[in-house]
Every structure is written in C-alpha cells, then in structure tokens.
Amino acid sequence: MSTNKKYSIKHTDKETLAKWLKLMLVGRAIDNRAPNYLKQAIGWSYHAPFAGHDGIQLAIGQIFDREHDHLFPYYRDMLTTHSAGLTAEELILNGISRDTDVAGGGRHMSNHFAKPEWNIHNVSSCTGNHTLHAVGLARAMKKYKVPGVAISSQGESSVSEGYVYEAINGASTEKLPVIFVFQDNGYGISVPKADQTANRKVANNFSGFKNLEIFHCNGKDVFDSMNTMTAAKAYVAEHEHPVIVHANCVRIHSHSNSDRHDLYRDDYELNYVNEYDPLAKFRRLLLRYERFTGAELEAIEAEAKEVVKAAHKFGMNAPQPTPESIHDFVIPEPYVSDKYPEGLHNHEGEPKKLIEGLNETLKAEFRHNPDTFIWGQDVAHKEKGGIFNVTKGMQQEFGKERVFNGPIAEDFIMGTANGMSRFNDKLRIVVEGAEFADYFWPAMEQFVETSHEYWRTKGQFSPNITVRLASGGYIGGGLYHSQTIEGSLTPLPGIRVVYPSYADDAAGLLRTSIRSRGLTLFLEPKALYNSSKVLSPIPDDFEVPFGKARLRREGADLSIITYGNTTPMCVDLADKFAENGIASVEVLDLRSLSPLDTEAIMATVKKTGKVLVVHEDKVFGGFGGEVAAMINDMTFEYLDAPVKRVGSTFTPVGFNRILEAAVLPDLTRIENAATALLNY
Amino acid sequence: MTKTAIIYSYNTKKTSKIATLIQEGFNDPAIEMINAEEITEDTFLSFDHIIMGVATWFDGELPNFWDEFVPALEEMDLTGKKFALFGLGDQKGYPENFLDGVGIMGEILEEQGAALVGFTSTEGYEFESSRALRNEQFMGLAIDYENQGSMNKQRVAAWIDQLRKEFA
C-alpha cells in the first residue's frame, strides 16, 4: 500500500473523480458488452474481461504521458488503454477487428488494444514477452537522454516466463526507466498462482535484484493504485532504475470467453470476488464521503451509456479489411542500391577475407550512421570483439554506448533489439543473435515475434534489425557449434534471409541489411571467415541488393544452385570439370534465400536443363526442397532430369572429425551427384 | 463512564463467533456490539475502548468494510482511546500474510493517536511473515480457526483477562 497520499476520496478534486468514474464506467460497459458481439457473430471472439482490475488499470493509464512515455499493455488492459487515451470507438474497432482499428486494422486478435502513434504499443499474445520490448525501448530512452518511462503491464502468472526474468535482470543491470506492473488476480486461466511460483506475491521473487524497487498496492482500489503508480513513476525518475508494481486484483469473470470459471471456482469464491468489485467500491466511496449525490452519479452513468451506444454504432458502420490486403506490409521495401543494382562489381583491389569484409563494413556503416548499435554475447571487451573477432575494434572506435555486450540470454538480445528499434525508425540495430547459430533457439520466440511486427501493426512499426549468426560446420564443432538453421527460419514471412559465401557479397549484403528497414537474418558461414577460397576485392561502398543471385561460374551442361559453405566446393567442382573437359557446369550462388531470385534460377534451368541443389543443411526439410519444388512448378518442361539435392545426412553433426565428415556434404558427394546427373 | 464496544462485521461467520465469545467472556452488559458494515464516524468516536474484529483478506488487505472506513479514520483524533484488535488468519494456507489486517489497522489507529492494547505472544504459531508483528508479539489476538480451532476458547479467555487489566 502506498504511503504517498496524493490522491484520496476526501481530497481529490471532484472533476478528477468524475473523469475517473466515467472512464471506469465506459470501460466496464464495453467489458460487459464484449461477449454480445461474439454471440451475435459480429466478432470479438477473444475477450479477456478486466473487471476486478479497475483500480490499477485506471492508474496505469492516468500516469501514462504519451508525449514521453511508452506503454506496453497486455490483452486484459482494456481500461488501461482507455484511461491512457483510446476512445470507446477505438476499443470497439479493435474488438470487432475493423480495418480502421488503430492497433493494426483487424490483423491482430481482438482485445489487443494499441495505438502505436501514441506510444501505446501493439504487442504479442505471447503473454509477458513485451517486457523485453519495454526494456529495449527504455535502453533507447536512456541512450538518447529523453525523459519518460516504459510501462509494461502483465498478469502475475505470465511472470513465470523465463523472458520476464531476463527482462527484469536486464533492466536492473542497465538501470533502465521501466515500470513492470504485475496485475495479480490469482489465476493464469484456471491455474492458481500457487502452481506458478512459491511466493504468493511473485514480485517478491525479485527482492534480491539490485537497482530494483518493488511496490505493492491494492489494484482494486483506485486511490491506492493511483498513489502507488504515481510514486513508482517518481521513483524511476529520481533513482533512474526500474521498479515493479505488484497490484492485487480479483478476476470477477472467467479468464476469457473460452474459459468457464465455474469449473474450478466455487460459489463462495465467486461471491466474494463480486463483493470486491472495484467499481462498486469506488461508487460507494463517492457516496459515503458525500463527494457526489446519487443523482449526480446517475447522470454520469447515463453519459457513459450514451458514449458506449454511440461507439457501438460507429464501430458497426466501420469498414472491414479486404482479402487482397493480406499481402500489404509483410516486410518494408529494402534499401535500393543505385550504384550496384545487380550486386556485381569489377573492383580490382587487394583480395580480402570474408571476416575483413564484415568487420570493415560494420565499421563503415557505424561511421556513416550515428544511430547504429550493435550488441551480443562477447562482442566487446577490450581487445576481444566477438567470438570470431568480427566486431574487433568497434567498441574502441564507437564507444560503449553503441557497441556493448549482452548477457548470455539470447531472447533478451533479440527482444531488446525489437524494443529498442521501436524508439525511432531511424535506428539501425545489429545483433549477434548468439555466439553460434546453434544457440539462437532460445531467441526464437522473439525472432518469430519480430517477424510479425510490420504486418501486425499494418506498417506502423518496422523493426530495423540485422541479426548476425555465425553458422554451419566444417570446424570440428560437434552438435552445438555446427548447426545451420536457415531451413527452419526461412519459411517465416516478415524476414529476409541472406547467406553469403564470398567476402565481397558478405560486405555488400551487410551494408544493404543495415541500411534497410525491416528484419534481416544474416547468416555467416563461419568456416569461410578466414578461408583463402572466398577472398575477394571489395569496393568500399559495395552493396548487394536482396534477392539477387550471382553466377559464380557459367556453364551449359549442368546447373548447381547453392549458397553458404558449399558454394566454394561447387566452384571447385566446376573448375575441375572444366579443366578436365568433363562438363561445363554453371554455379549459381543464391546469396539471398528470402527473397529468392526466382528469375536467376529459372534462367539457369532453362539454359542447362539439369539441376543439382547443394547446401550444407540436411536434405530432409532443407531449403533445397523449396528450390526443387519451385523449379518443378515453374520450369518442369525445361528439365532433362529430375532435380537432385546434396546436403547433410538426417543426423546431428558429430564431434569426431570422422563423424563430421560422414555427415556434412563434401566435394566427393557433390561430384558423384553431379556426375550421375550429367549421365542421366 | 467509560464506553466500550466490540465492532466487527455481522456478515462474517468466524469473526462473529469470536466476537460473541469475547462478549460472553466479559459478561458485561454495558459492552455494546456494533456492526462494522454500518459504522459511522460519530458512533465510532463515541467509545473509549474498542475491541475490533479485523480479518485479513486476499494477500494481506483489510476487508472492504474497514478499508472504506480508513479515509474517515485518517482524519480522526483518537488520542486517549484504547483499541484491542483481534484477527483471524490461516497460518498454513496463507503463511505470508498471517494477521496482516491487524497490523495494517493497528498502524492506522496509532497514527491517529490511539493506544493499542492486547498484544499477545507468537508462541505456538507457525507462519512466515505478518504485518501484525511488533517486538516479537502480535499487535492483538491471533485466531486460527483452520488449524488451531480447539485453542480458540482458551486464547480468547486469556486475552479477556489481559484486556481487563489493560483497559483499566
């Protein structure tokens, strides 16, 4: 309970009390009305009622200042967002998913209220994962030295998610202006909080965290909630570190309209949560302390009723989204290269290693754009610059504010990139998603999340992030230092995937990635970082557009389509066949997997009529399957043989070199497959 | 003449039983029973000695009927008045908030100048934390129907003996 008594039933001015009451009444009326839309088959098929959280939700919205703060509400935060400024119309447009819904035009699930234009962020249904976004955004606020707080709101059960601990750990480590609000109604759907964590008040789990203050309040009480949120905001401003506000609430209704709480709550409990209805309590206080007469309250109630009635009418007349709009806002248009439209050059400088291409391009882009940042595990500590030294020298040149280490928490690294990029569209963020691609899996939920942002917000938010991953095997690394994960990630809409093989392409694609809006997965064949086979002169300003494959060898008898670690092997084979007069082999280096250069693929198929798709990843489920299927669909009549594939065996990659060699594709396997195809 | 009241919610079951036990124990017809659900400032201030039944709700909150009276309490001068609080809790079910209501109410009353009496030993109780603790004593009488119901009469009787002296 807050000891700060700025607000009280006896002393808060009448105008403010009336404003609060009206917000609460409108919110509650819509909360009560929402299930009717489903019953009438109008929409709002997901509704998580807020009744019982009224005090804390009113307070969150009231302390939110859209000029300076950022709000990350969760799916139960209808009153929070109404109190923060969303109108009754906007709530209903979201509920019934109309095209004019300010959260994202009906693309996101109902009850996910947002208004990005006002810093009321559009967040996921993955409950609590926006804690990482709030932390990332607060990091930007701190770095750019702007006032304000990031407010993250969630239910108490979602605090069980590991990423919430990562978020709060990060906010406390970096001393960021974040208020984490836990709205505790005792249940995660039907699961009582005793099954979530040992402390009945989960906020107390964080009592050992440094740089973190924990406030408790009665979320059912308007005044205690207002006083506590006001004190929490003042505390963040004064102490410049995060706070948790744990608000005790009740859930008067079921979790949502797909839940039946009478299956697990008895009549006694249902009665007492009703008795503790915050709205009824507020009304009683207004009368008891003679702040309003019964007639005055009835007048405000009538006004609220009219507001909801008009909003309903407005919502019902609002347009539906069109089916053809689904292709809009999947991913933003990329940076366009005027000088290198095909991603080719004739530069004749000194050949450089792939790792030099990456390092020099990163530095050049950081010099070019002061709003660039990079972080990840191990990226910057004295002379160390990344596990493979790709970022060597960057912190010395650009400082700790722009180049810094992240904790060993991949989801945190990815999620705070998402959050920080929300601060301003001009920011360009590069993250080493993990020390090795093999360790990126914990970040998958944030990666998938980030792939949705642009579409889900109907283009209102573009996460401008390049995720670098040292990928693939051939280094004797075993199961957890050899994975190449494009087969799993490329099918995600909303991302670009590039996988260069040569130094110049690595540099050119990295520049394009950093300059582009949107999310790009930049896969680096780490076995080639220092390989003499992929040395290349690199123009200082080289750029490679997305979706532009490159012919590494021209030929007439067979096309090999490849990328990443296997490209130089295929080139070696083409040279060998040419030198020995065996065959003329064309090698197409895809460079980009998504978008894919379908024109270049079709052109080479039409030219040779025989295709071998080669990649390091497993044949089963590998990206080559998509290439082969596309060739069959689009150029079947040009084929003189079935499309064949070479890749890894359907096993993990063994550590022993004999095992590794048995798993990964090599020149011999490619040669055998190519020979068989040539003889077909 | 000193006026004494036992104030508790008539809507409660267990608290009502303890209030009745206390009334019977005092065996003094002058002690008035008052319903906390209907308490007014004037009624409250008309007593010199008040025995209050204060349960703990949820994870350490006052029940609504007391919570909604707090704004009135916070502007009262309770100097010279004596208060004895009894609370009901569940040591095993809610060990983190045992008797919190008594502690919350006790602090509010003291801030307004009241004197608290009827502190009791924590011996025989097992819980994790309580806002009603002061100098290793409860700031009133702790009743645990769920786990130690058989000790209620004995605890109430001892408390009445103590209050007779401390109210004197």
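Predicted model: local features only at pLDDT ≥ 70, side-chain atom pairs only at ≥ 80, totals over all residues.
## Where the chains meet

Chain A brings 14 residues to the contact, and chain B brings seven residues. On the chain A side, helix H9 (residues 278–288) gives the most, with four residues. The chain A residues that touch chain B divide by type: seven are charged, four are nonpolar and three are polar.

## The seven-stranded sheet

Chain A holds an open sheet of seven strands. Read across, the order is S9-S8-S10-S11-S13-S12-S17, and the pairing is mixed. Strand S9 (403–405) and strand S17 (592–594) of chain A are the edge strands. Each of these two pairs on one side only. From one strand to the next, the twist averages 20°.

Look next at S10 and S11. Strand S10 (residues 428–432) and strand S11 (residues 465–471) of chain A run parallel, joined by four bridges. Here A:Ile429 stands opposite A:Ile465 of S11(A). Helix H13 (residues 410–421) of chain A packs on the sheet. Helix H13 touches strand S8 (372–376), S10 and S11 of chain A. The direction of H13 makes about 175° with that of S10(A).

## A β-α-β unit

Another parallel pair lies in chain A: strand S6 (residues 213–218) and strand S7 (residues 243–248). Six bridges join S6 to S7. At one of them, A:Glu213 has A:Val243 in S7(A) as its bridge partner.

Together, S6(A), H7 and S7(A) make a β-α-β unit, and the unit is right-handed.

How values were computed: Residues numbered from 1 in each chain as written. Chains lettered and ligands numbered in written order. Contact = placed C-beta atoms within 7 Å. Nonpolar A, V, L, I, M, F, W, Y, C, P; charged D, E, K, R; others polar. Pairing = 2+ DSSP bridges. Axes fitted to C-alpha atoms, helices over the stretch in contact; angles between N-to-C directions. Right-handed = clockwise from strand over helix to strand, strands pointing away.
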